Amino acid sequence: MPTLPGSGVDSKFCVILGAQWGDEGKGKLVDILAQDVQLCARFNGGANAGHTLQVAGKKYAFHLLPCGMINRSCKNLIGNGVVVHIPTLMRELEDLKEFDHRAIERVFISTRAHILLDSHQLIDGILEAEASSNSIGTTKRGIGPCYASKSIRNGLRFGDLLHFEKFEERLRELIRWSQKRYGEPGDQEDQPSQAMLRQCLREYNTKKAFDPENGARGGVSSVEEEVERYRQYAKLLRNQIVDSVTFIHDDIARENRVLVEGANAALLDIDFGTYPFVTSSNTTIGG
């Protein structure tokens, strides 16, 4: 069937966005298109969104990884607008090992992408409980607090991992800042869950916060453990951290097919959505 001129069907650069509040089926479309591209990129959001894909009868849940991971010949880029909880990213890569034991070699992360810490998730829970009846219903994945760190300029980026001595210093500073600002009770009496999260932040025992019963759902039990965890991440991801602008333009110059997948949707855009009931990032083409 002939295609209309200017329809974009034959374009080598394709962006998939949602036009409502999410759950429009973007993942199914991206899954199909990703089979025929050389680079798949994400540009916004964090682990508050995601797609579930089925490959050879097995389901894979991607909250951070681009859908191009199910194409073994496709490179995947996590762009500068994404906030990345590295433990979540590593769990997704671990789940993919049976499908592709070298999956990590196909994932590249922008030096400018911000790192979402366990402390951001604790703060998200504290603020959500504090809002009470005025709550907007966040996913409590730490997305908003991480973007807040980005905006007030005390956040950490993947490029910082390449200089670990300085990274460690800034990581400790950010945790101290978070403990001072959110670790102590406010003017109003805390709810039990809120008091527990504040205590976990003061002690930096995120293992207890994520799973009070037995600590089996990840996390760390101290700041020192957090530093060592990120030291290992820095070694593991060093070769995957790239200048995303150069990276994507090199593929465009080679006339490779590039697919960009948006998370969330237009009506959740921080600027153009149904504010304040929105996410914390730009979800449209402007992102």
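This report describes helix packing, salt bridges and selected side chains in a predicted model.

Residues are numbered from 1 along each chain as its sequence is written. Local features need pLDDT of at least 70, side-chain atom pairs count only at pLDDT 80 or more, totals for chains, interfaces and linings use all residues, and side-chain values use heavy atoms, with hydrogens and water left out.

**Helix packing**

Helices (H or I, at least four residues) and strands (E, at least two) are DSSP runs, numbered from the N terminus. Helix α5 (residues 164–182) packs with helix α8 (residues 223–237) at an angle of about 145°, their axes being 11 Å apart. Axes are lines fitted to C-alpha atoms, for helices over the stretch in contact, and angles run from 0 to 180 degrees between N-to-C directions. The contact (heavy atoms within 4.5 Å) involves residues of α5 including Phe-164, Phe-167 and Leu-171, and residues of α8 including Val-223, Val-227 and Tyr-230.

Helix α5 also packs with helix α6 (residues 192–203), at an angle of about 145° and with axes 9 Å apart. Here Ser-178, Gln-179 and Tyr-182 of α5 meet Arg-198, Leu-201 and Arg-202 of α6.

**Salt bridges**

The structure holds 16 salt bridges, a salt bridge being a side-chain nitrogen of Lys or Arg within 4 Å of a carboxyl oxygen of Asp or Glu. Three of these pairs are listed below.

| Pair | Closest N and O atoms |
|---|---|
| Asp-251 and Lys-75 | 2.7 Å |
| Arg-102 and Glu-105 | 2.9 Å |
| Arg-229 and Asp-118 | 2.9 Å |

Asp-251 forms a salt bridge with Lys-75; because Asp-251 lies in helix α9 (residues 244–253) and Lys-75 in strand β5 (residues 75–78), the pair ties together parts that are 176 residues apart in sequence. Asp-251 is buried, at 1% relative accessible area, whereas Lys-75 is partly exposed, at 25%. Buried means under 20% relative accessible area, exposed over 50%, and partly exposed in between (1.4 Å probe, protein chains only).

Arg-229 forms a salt bridge with Asp-118; Arg-229 belongs to helix α8 and Asp-118 to helix α3 (residues 118–131), so this pair ties together parts 111 residues apart in sequence. Both Arg-229 and Asp-118 are buried. A network of salt bridges links Glu-168, Arg-172, Glu-224, Glu-228 and Arg-231.

**A loop residue**

Phe-43 lies in the loop between β2 (39–42) and β3 (51–55) and is buried, with a relative accessible area of 13%. Phe-43 and Leu-77 are 34 residues apart in sequence and 8.5 Å apart in space, C-alpha to C-alpha.
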